[in-house]
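Hello,

Here is the structure we talked about. Please open it alongside this email and follow the notes below.

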Amino acid sequence: QAPDTRAECAAFVRLARNQPTPDLRRALSAMVALGLGAGLDGADQREVTPGDIVDTDLGDGTTALLVHVRGRRPRAVVVRSTYEPLLREALDLHNTSRRGKHTPIYGLSKSRRNVTSTVTSKSVTATGTGVDINAARLRATWLLACMNAPVPLNALLSSAGLKSARTLTDLLAYCPPAEPEQVAVVLRAMDGSLSGGERR
C-alpha cells in the first residue's frame with residue numbers, strides 16, 4: 001500500500017477528533033493513532049486493549065506510550081510523539097465510557113474480522129457516513145517515516161514485526177532522495193563500534 005501524504009495524515013487526525021459521538025471519536029482516534037503512531041495494521045489492532053498500552057520511561061526522563069501487540073506479530077512499539085496525544089484521548093474516552101481495561105479499544109470481541117473497516121464505515125464526514133482511511137496505508141506511512149529516521153534496520157524490523165526487509169523495498173520509491181554530501185558525512189562518521197559478529 002502506498003503511504004499517505006503529510007496533509008492526509010493531518011486531515012485524518014482532525015477527522016478523528018471531530019467525530020460527532022464519543023464512541024466514533026474513540027474508535028477512529030485509536031485506529032489513526034495506532035496506525036500512524038505505532039505501525040499497527042488492522043490485524044495488529046484487533047486485540048489491543050487499554051491494558052496493552054502503558055507509559056514507559058525512555059531513560060532520559062521522557063515518558064512515552066508503549067503498545068504491546070499480540071497476535072501473529074507480537075512485539076512492543078513506542079508510539080510516535082506526534083500521535084501520542086490522539087491515542088491518549090482515545091484511552092480517556094474508553095475509560096470514561098467504562099468499557100473496561102481489558103475490553104478492545106474498539107469493538108467488543110477480539111476474534112472479529114475487518115475491525116478497522118467497521119470503524120471507517122461508521123465514521124462520518126460533513127457529506128455523509130464512511131471515511132476513506134486504510135489501515136494498511138497507515139502502517140506503510142509509519143514504515144516510511146521509520147525508514148527516513150536514524151533507526152537501525154534490525155530494530156525497525158523488530159518494531160514492525162517483520163522477518164525480512166522485503167516490505168521495506170516496496171517503499172523505497174517513496175523515500176526522498178538523499179543529498180550525496182549528507183550521505184558522505186554519515187558514512188565518514190561511522191565509528192565501527194559494532195564489527196562483524198559483535199552484539200551489544
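Let me start with a question: is glutamate 84 buried or exposed? Glutamate 84 is buried, because its relative accessible area is 14% and the cut-off for buried is under 20%. Please keep in mind that this is a predicted model.

Glutamate 84 sits in helix H4, which covers residues 84-96. Which residues does glutamate 84 touch, leaving aside those up to four places away in sequence? They are Thr63, Ala64, Leu65 and Val79. Strand E2 runs over residues 63-69.

Now the overall picture. The protein has nine helices and five strands. Along the sequence they come in the order α-α-α-β-β-β-α-α-β-β-α-α-α-α. The radius of gyration is 18 Å, close to the 16 Å that the globule rule gives for 200 residues, so the protein is as compact as a globular protein of that length. The C-alpha trace spans about 55 × 35 × 30 Å along its principal axes.

Next, burial and surface. Of the 200 residues, 39% are buried. The protein exposes about 11,700 Å². Carbon and sulfur atoms supply 52% of that area. As for contacts, take those between residues at least 6 apart in sequence: 60% of them join residues at least 24 apart. On charge, there are 26 positive and 19 negative charges. Their mean positions are 8 Å apart.

Helix H2 deserves a look. H2 takes in residues 22-38, 17 residues in total. At 1.5 Å a residue, H2 should span 24 Å. Its end C-alpha atoms are 23 Å apart, which agrees. How many residues of H2 are buried? The count is 14 of the 17, so H2 is largely enclosed by the rest of the structure. Glycine 39 follows H2 and has a positive phi, near 75 degrees.

Valine 69 is in strand E2. Valine 69 has a relative accessible area of 5%, so this residue is buried. Not counting residues up to four places away in sequence, valine 69 touches Leu40, Asp44, Pro74, Arg75 and Val77. Valine 69 and threonine 127 are 58 residues apart along the chain. Their C-alpha atoms are separated by 35 Å.

Then two exposed loop residues. Arginine 98 is in the loop between H4 and helix H5 (115-122). Why does arginine 98 count as exposed? Its relative accessibility is 79%, and exposed means over 50%. Its phi is positive, near 55 degrees, in a residue other than glycine. From arginine 98 to arginine 166 the C-alpha distance is 42 Å. In sequence these two arginines are 68 residues apart.

Alanine 173 is in the loop between helix H8 (166-171) and helix H9 (180-189). Alanine 173 also counts as exposed, at 73% relative accessibility. How far is alanine 173 from glutamate 84, and what is the separation in sequence? The C-alpha distance is 28 Å, and the two are 89 residues apart in sequence.

Arginine 98 is exposed, and alanine 173 is exposed.

Best wishes

Notes: Residues are numbered from 1 along each chain as its sequence is written. This is a predicted model: local features need pLDDT of at least 70, side-chain atom pairs count only at pLDDT 80 or more; totals for chains, interfaces and linings use all residues. Side-chain values use heavy atoms; hydrogens and water are left out. Helices (H or I, at least four residues) and strands (E, at least two) are DSSP runs, numbered from the N terminus. The radius of gyration is taken over C-alpha atoms; the globule rule is 2.2 Å times the number of residues to the power 0.38. Buried means under 20% relative accessible area, exposed over 50%, partly exposed in between (1.4 Å probe, protein chains only). Contact means heavy atoms within 4.5 Å. Accessible areas come from the Shrake-Rupley method with a 1.4 Å probe; for residues, only the protein chains shown count as cover. Lys and Arg count as positive and Asp and Glu as negative; His and the chain ends are not counted. The place of a charge is taken as NZ of Lys, CZ of Arg, CG of Asp or CD of Glu. The expected span of a helix is 1.5 Å times one less than its number of residues.
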